[in-house]
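These are my notebook entries on one protein chain. I record below what I looked up and what I found.

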Amino acid sequence: MSAPITLSQLSEQLEHLEAEAARSIEAAATAAELEELRVGLLGKKGRLSGVLGAMGKLSAEERPLVGQRANVLKEQVQSLLTARLDAVQEAAMAAKIASETLDVTATSSYVRPGHRHPLISTTEEIVDIFAGLGYEVSEGPEIETDYYNFTALNIPPHHPARDMQDTFYLEDGRLLRTHTSPVQIRYLESNPPPVRIVAPGRVYRRDAVDATHSPVFHQVEVLAIDEGLDFSHLRGTVMAFLKAFFGDLPVRFRASYFPFTEPSAEVDVQWRGRWLEVMGCGMVDPAVLEGLGLDPERWSGFAAGLGVERFCMVRHGIDDIRRLYTSDLRFLEQF
Ligand code: DAH
């Protein structure tokens, strides 16, 4: 027989249980922990049932007192559990919201988007206009032979352009092309007419650098060979192109001379009150066609060489060619 239990002992146990329950409920951090506590405290086999099991040992007068006390405790624990559960769930929701919030003011790792250099976009614009007129794009090498750069273009042996003063020669006798015109020859060698091409590219001359000269610059070559082409086709094409590029700037054709065209012309546009040369052009010289095995009685055509830097400078109001080559981001960012 276990020792008989007294009323005061039972009351003490209940008080103890109450204090302990309050402490552990306060310490619980999750709904699952609280549920575990509820079962442990108030469940059928829980701590409270354990204490009440000993009630039978009390007198009939004492029992209701303990019963009442137990009921109050049960309700207290229950409401502590509910309040704590609310608090725990609220905290969980707040944490979830905080973790999912997008802070639109946070600094980001911004990567500057790159964009095209104005010389590239100008070249693309020129090429696009000719593409719209049915021209295809072709390219040639920047290191050329004397044959393609000069001889095949009817440039005589003692022409000043062949001078060491004007052309960069390599040790093996090859050279850096001084214009994009050799692409005319390369293309016609492997593509029988009719042809319509544009050839954009970089060219080199032994020029000292100043506001309008650079030893490296860019051209777009134009070539059309067909039956029955004459100077009116050249003029019409050039005018259509210039109107598409510049709008309505005044244009003039000036008679000129190039060994590979006859007749030849230079084209100026009026800009800021001055005439500015933007291209050389002409009817392809019969001697050039003959050199390629083409019959000049049947085939004729026109060619032009456009200075990309000039087009770019007029388009963007740039006063000094050097700005296009110095890679100053403060300048380039404007385009
Ligand atoms: N190749 C010449 C130069 O660089 C420009 C030129 C003139 C190209 C007349 C042509 C042309 O195709 O027909 O100065």
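In which element is the place of Pro-263? I found Pro-263 in strand 7. I note that strands (E, at least two residues) and helices (H or I, at least four residues) are DSSP runs, numbered from the N terminus. The peptide bond that leads from Glu-262 to Pro-263 is cis, and its omega is near -5°.

**Entry 1: basis of the notes.** I am working with a predicted model, in which local features need pLDDT of at least 70 and side-chain atom pairs count only at pLDDT 80 or more, while totals for chains, interfaces and linings use all residues. Residues are numbered from 1 along each chain as its sequence is written, and side-chain values use heavy atoms, with hydrogens and water left out.

**Entry 2: the whole chain.** I counted eleven helices and nine strands in the secondary structure of the chain. The chain is divided into domain 1 (7-99) and domain 2 (118-332); these bounds come from an automatic or database domain assignment. The C-alpha centres of domain 1 and domain 2 are 95 Å apart. Along its principal axes, the C-alpha trace spans about 135 × 45 × 45 Å. I then looked up the radius of gyration, which is 47 Å for the chain, whereas a compact globule of 335 residues would have one near 20 Å. This radius is taken over C-alpha atoms, and the globule rule is 2.2 Å times the number of residues to the power 0.38.

Of the 335 residues, 38% count as buried. Buried means under 20% relative accessible area, exposed means over 50%, and partly exposed lies in between (1.4 Å probe, protein chains only).

Entry 3: I turned next to empty space. Rolling a probe the size of a water molecule over the atoms shows where such space is left. On a 1 Å grid over the protein atoms alone, a pocket is an open set of points with protein on both sides within 12 Å along at least five of seven lines, a cavity is a set of points where a 1.4 Å probe fits but cannot get out, and lining residues have an atom within 4 Å of a point. Grid points are joined across faces, edges and corners, and a volume is the space filled by probe spheres set on the points.

The largest pocket holds about 1,000 Å³ of space. I found 42 residues in its lining, and those nearest its centre are Thr-178, Arg-205, Phe-217, Gln-219 and Glu-277. Strand 8 gives the largest share of this lining, six residues. By class, the lining of the largest pocket has 17 nonpolar, 16 polar and nine charged residues. Here Ala, Val, Leu, Ile, Met, Phe, Trp, Tyr, Cys and Pro count as nonpolar, Asp, Glu, Lys and Arg as charged, and the others, Gly among them, as polar.

**Entry 4: the largest cavity.** How many cavities of 30 Å³ or more does the structure hold? I found one. The largest cavity has about 40 Å³ of space. Its lining includes Phe-130, Val-222 and Met-279. Helix 8 supplies the largest share of the lining of this cavity, four residues. The lining divides into eight nonpolar residues, one polar and no charged.

**Entry 5: Asn-149.** Is Asn-149 buried or exposed? Asn-149 counts as buried because its relative accessibility is 0%. Asn-149 belongs to helix 6 (residues 146-149). Leaving aside neighbours within four places in sequence, Asn-149 has contacts (heavy atoms within 4.5 Å) with residues including Ile-155, Leu-175 and Thr-178. Thr-178 is also among the residues nearest the centre of the largest pocket.

**Entry 6: His-316.** I located His-316 in helix 10. Its relative accessibility is 33%, so His-316 counts as partly exposed. His-316 touches Pro-118, Thr-122 and Phe-335, residues up to four places away in sequence not being counted. The C-alpha atoms of His-316 and Phe-335 are separated by 8.5 Å, and the two residues are 19 apart along the chain.

**Entry 7: backbone details.** I recorded a cis peptide bond between Pro-193 and Pro-194, with omega about 5°. Pro-194 is in the loop between helix 7 (182-190) and strand 4. Ser-327 is not a glycine, yet it has a positive phi of about 55°. Ser-327 is exposed because its relative accessible area is 57%.
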